[in-house]
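Here is a friendly briefing to read alongside the model. Have the sequence and the structure open, and follow the topics in turn.

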Amino acid sequence: MSAEVSVPGPGTATSAVPRVLTIERAVLGRNAERAAENRREFRRRGVLVLNVVSAPGSGKTELIERTLRDLGDRLRAAVIVGDLATDRDARRLARSGALTVQLTTGSICHLEAGMIAHAFAELAPTPLDLLVIENVGNLVCPAAYDLGEDLRIVVMSVTEGEDKPLKYPVIFKTAQAVVISKIDLADVVGFHREEAWANIRGIAPQAQVFELSARTGSGLEAWYHFLLTHVHRTGAGRAARRLVVRGRVQGVGFRPYVCRLAMSLGLAGGVRNVAEGVVIEVEGPGALLSEFQNRLTTEAPAGAVMDEVSVTPVEPTGRVGFEIVPSGPPAAPAVRVPPDRATCPACRAEVFAADNRRRHYPFTSCIECGPRYTIIERLPYDRSATSMRGFTLCPPCATEYHSPADRRFHAEPNACPACGPRLALWDSAGRVLAGTDEAVKAAAALLRAGRIVALKGLGGFQLLVRADDAAAVGRLRQRKQRPGKPFAVMVSSLAEAEELACLTDTERRWLTSPENPIVLVTARPGDRLAPNVAPGLRSVGLFLPTTPLHHLLLAEVGVPVIATSGNRGGEPIVIDEHAAIRDLAGIADAFLVHDRPIVRRADDSVLRLMAGEPMVFRLARGFAPWPLPFLERRATQAGAPPCLATGGHQKVALAAWTGHQAVLAPHLGDMDDVATRVAFQGAVRDWGLLYHFEAATIVCDLHPDYFTTRWAHTQGRPVVAVQHHHAHAAACVTEHGLFGRPVLAFTWDGTGYGPDGTVWGGEVLARSAEGWLRRASLRPFPLPGGEAAIRHPNRTAFGLLYECLGEDGLRQHTELLDALGLSQQEAHLLAAMIRRRLQTPATTSVGRLFDGIAALLLGIREVSYEGEAAIALEAVAAPDAPEWYRVSAGDWRPMLRAMLEDWKAGRDVGAMAGAFHAALAGWAKAESETLPGWDVVLGGGCFQNRLLLERTVALLRDAGRSVYWPRMIPPGDGGLAAGQLATCLLQPTSPR
């Protein structure tokens with residue numbers, strides 16, 4: 001036996017040479033006895049032995065070389081290489097940095113236990129984690145020679161064919177793993193994966209199969225984890241921990257992330273969805289467990305929100321490998337329901353790639369994107385619990401789904417053209433005009449021709465029409481009976497958005513965010529959009545494509561399109577294609593539909609940048625359900641029973657404390673229409689099933705005639721009624737976690753039922769230990785006709801003028817009646833109504849004050865949607881107008897008198913409108929000075945006016961006040977339920 005002198009150590013790579021041993025025939029024999037001795041010695045030293053078996057040319061040397069090189073900083077490894085004469089492979093492996101012993105066996109064509117014992121003795125002084133033995137010679141040697149360890153790896157190359165297991169069954173029979181190498185050549189040589197897997201499973205059902213390429217790195221992550229977990233199982237210091245993660249951790253790629261993190265560290269165990277969140281059981285060396293725990297929170301997916309991570313030490317069980325375990329049984333969930341997410345850049349690239357199997361597939365998604373909330377039938381979140389359960393994964397999609405290194409690893413909506421949902425274009429009678437391949441092109445041709453297409457999106461139907469065609473936009477307005485409300489515009493890219501609007505960096509980030517909201521931005525002058533898209537406004541609502549279907553359609557159309565809710569005015573958004581044919585008849589010319597069911601509706605979210613921060617106007621797709629963690633903590637501490645909050649009458653959204661979590665539901669709509677009321681009741685039932693709870697208490701608005709209030713009182717459960725503006729204030733306090741601190745709240749909106757029987761809407765509230773107290777309000781004024789005055793702002797203006805000038809004074813100013821479009825007879829009738837208090841409630845509403853001023857300055861006589869007059873007034877207002885006018889102690893009359901003088905003098909309307917906004921902001925500042933040091937919150941729909949909010953915030957901050965306003969909980973009635981819920985849970989007595 002002879003030897004070379006150089007013995008490389010770990011980390012030496014480029015100049016290392018192997019130790020060479022020449023084995024004489026005399027060492028052969030006593031094979032079984034020597035094998036047992038080897039086993040005892042390996043285990044005494046805590047060394048894992050890996051036998052790599054294959055024929056020459058299979059790629060085993062390349063596999064070992066890359067494995068040892070990549071894991072060199074995590075394993076102390078050595079290699080024993082057997083060969084008849086050459087040391088070429090041994091020198092190559094030595095360059096990986098591993099200690100290498102070359103066994104030259106002379107005429108012996110394979111290794112045996114005695115040879116291994118001699119080689120291992122040469123390595124004895126060096127601590128080792130892993131010993132790799134590369135066998136030599138004919139392919140039956142593993143059956144004839146027991147080398148002393150049972151971890152056998154068989155390497156087979158795709159170039160050898162998928163029938164190799166059938167040719168050499170003896171070497172596969174005892175394999176613990178089979179590596180199919182050079183997998184990147186599979187398509188080139190016609191290698192059949194499924195046949196290879198079947199042949200391996202038939203001979204070695206116990207074997208784990210890896211498809212990889214040492215050249216490209218494909219599949220190596222799973223192979224490395226397999227190896228590391230076996231090494232860690234044999235080493236000392238093994239421990240185990242059980243982690244329970246609560247929060248938004250289902251449907252956001254969290255389990256695949258956990259699996260990959262554990263695999264990268266070589267840890268064993270599993271992760272599964274349960275009702276309370278995600279449970280992780282992990283074991284391995286203690287230092288690596290600590291690293292896993294630290295990285296778990298710092299490297300989590302962007303969509304994950306971890307509210308709590310509890311860790312419990314447990315006994316290790318000797319598990320090998322890390323897996324995603326089937327979910328636990330349905331129960332009352334503490335896990336967050338994941339929202340839908342817009343198409344990620346990687347999936348978009350696949351959809352437009354010429355050589356990708358998902359080219360032009362409109363339902364492409366991965367763990368980073370795609371439907372979630374709108375397809376979940378129950379929790380925990382698994383494919384079988386979604387509307388994707390009817391689509392069986394094809395073999396390639398199943399491989400992706402089960403491959404830890406793949407970005408579709410356990411992506412529940414995963415699909416492709418072979419196995420997933422399919423698209424079709426229908427005419428107005430439901431007849432198929434085009435199938436999957438041609439449906440997008442045919443729909444795009446209709447849009448280019450100015451036709452209206454109803455598209456089945458993530459959370460319901462959208463009505464589409466090209467946005468640069470005024471006639472087409474006009475047809476949509478006429479058919480949808482939406483004469484003036486602005487439409488949102490979908491653009492194909494951020495570059496196209498830049499052409500239409502002046503964007504800030506923050507607006508760009510939101511436009512390209514996974515939440516994909518409609519973002520209200522400042523429009524650029526130009527003719528790219530039809531003037532009737534957002535008539536008379538400086539702003540436009542833009543958003544980027546939500547799904548691959550939208551991307552494909554926009555690319556074909558070539559121009560921006562209007563994408564508005566698929567419903568008739570006042571009705572809920574349509575979610576079923578057959579119902580769409582009925583409900584959207586006479587509106588849509590064609591229907592672009594698919595066969596993936598929408599479980600629950602979700603409209604598009606709307607967002608605007610206000611004082612440098614995002615403010616959500618409509619909480620829906622991408623954001624909802626929105627968690628209320630502050631309420632959860634307080635309700636959990638108090639042991640509060642489940643309760644449901646129903647919101648108001650407009651922009652209704654539910655909120656609930658389920659006993660495990662507090663959440664605000666997506667926008668439902670206004671309760672004027674019977675269909676929306678039916679949808680409301682359906683949403684209540686759906687949330688009870690989804691979250692496995694039944695409310696012990698129902699919270700509603702104080703208004704006795706709201707549908708939601710009447711419904712609450714028919715449920716046979718205790719009801720807590722919360723005053724409208726108290727709920728607005730509580731919603732903002734809840735979002736910012738201000739309970740327990742002195743708070744002054746300005747809650748300004750259009751309408752809210754006051755306990756004194758008047759219509760509130762310009763309130764200054766102070767929060768005491770007893771609840772919200774009305775500290776001040778806008779001076780009341782008459783609202784002749786009540787609801788009629790809301791639709792006709794000139795009536796509201798008349799009420800303001802009557803209160804300010806008196807009936808005799810109005811008779812002396814006929815020019816004011818002319819400006820309001822009121823005849824003498826109409827004025828006489830309105831005056832009589834006010835005088836007799838006939839259908840003329842008194843109101844303190846700032847929203848109605850906006851209506852009246854807009855009618856006076858802009859001549860607005862009728863509105864077609866809520867807030868139209870105020871939006872028009874903001875659009876013309878000079879943002880830097882000085883405080884010409886004053887609202888003192890809530891009295892708006894001095895302001896109106898001064899404004900009338902300016903109006904008569906022909907002063908600029910924009911300057912007067914700007915000064916009106918400034919006067920209201922000045923009133924807020926003055927009222928705040930009566931309670932110095934108190935936090936100030938702003939709530940109510942009037943603070944969706946950016947000029948009003950920013951002027952108010954600036955004045956309050958200049959005065960040194962801490963001021964808070966809504967961000968994610970809408971400031972308008974869409975956030976009422978959150979405030980109602982907070983009031984019930986934290987201030988259970990009836991508000992004053």
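Q481 sits in the loop between α16 (470-480) and β18 (488-490), where helices (H or I, at least four residues) and strands (E, at least two) are DSSP runs numbered from the N terminus. The model is predicted, so to speak of local features a pLDDT of at least 70 is needed, side-chain atom pairs count only at pLDDT 80 or more, and totals for chains, interfaces and linings use all residues. Residues are numbered from 1 along each chain as its sequence is written, and side-chain values use heavy atoms, with hydrogens and water left out.

**Backbone points to look at**

- Most residues other than glycine have a negative phi, and most peptide bonds are trans.
- Q481 has a phi near 55°, a positive value in a residue other than glycine.
- The peptide bond from A624 to P625 is cis, with omega near 0°.
- P625 is found in the loop between β25 (613-618) and β26 (626-627).

- Two packed helices are described by the angle between their axes and the distance between the axes.
- Axes here are lines fitted to C-alpha atoms, for helices over the stretch in contact, and angles run from 0 to 180 degrees between N-to-C directions.
- Helix α26 (residues 793-811) packs on helix α31 (residues 893-904) at an angle of about 95°, with the axes 10 Å apart.
- α26 and α31 are therefore roughly perpendicular to each other (angles under 35 degrees count as roughly parallel, over 145 as roughly antiparallel, 65 to 115 as roughly perpendicular and the rest as oblique).
- L800, L801, E803, C804 and L805 of α26 make this contact with R893, L896, R897 and L900 of α31, contact meaning heavy atoms within 4.5 Å.
- The residues of the contact of α26 with α31 divide into six nonpolar, no polar and three charged (Ala, Val, Leu, Ile, Met, Phe, Trp, Tyr, Cys and Pro count as nonpolar, Asp, Glu, Lys and Arg as charged, and the others, Gly among them, as polar).
- Helix α29 (residues 846-858) also packs with α31, at an angle of about 15° and with axes 12 Å apart, which makes α29 roughly parallel to α31.
- On the α29 side L849, I853, L856 and L857 take part, and they meet M895, L896, M899, L900 and W903 in α31.
- The residues of this contact of α29 with α31 are nine nonpolar, no polar and no charged.

**Helix α29 with α30**

- The axes of α29 and helix α30 (residues 868-876) come within 8 Å and cross at roughly 60°, and that makes α29 oblique to α30.
- F850, D851, I853, A854, L857 and L858 of α29 meet A869, A870, A872, L873 and V876 of α30.
- Ten nonpolar, no polar and one charged residue make up the contact of α29 with α30.

**Pocket and cavities**

- On a 1 Å grid over the protein atoms alone, a cavity is a set of points where a 1.4 Å probe fits but cannot get out, and a pocket is an open set with protein on both sides within 12 Å along at least five of seven lines; lining residues have an atom within 4 Å of a point.
- The second largest pocket has a volume of about 1700 Å³, a volume being the space filled by probe spheres set on the points, which are joined across faces, edges and corners.
- Of the 47 residues lining the second largest pocket, E211, T399, E400, H402 and S403 are the closest to its centre.
- α14 gives the largest share of that lining, six residues.
- The lining of the second largest pocket has 19 nonpolar, twelve polar and 16 charged residues.
- The largest cavity holds about 90 Å³ of space.
- Its lining has 15 residues, with G251, V252, G253, Y381 and H410 nearest the centre of the largest cavity.
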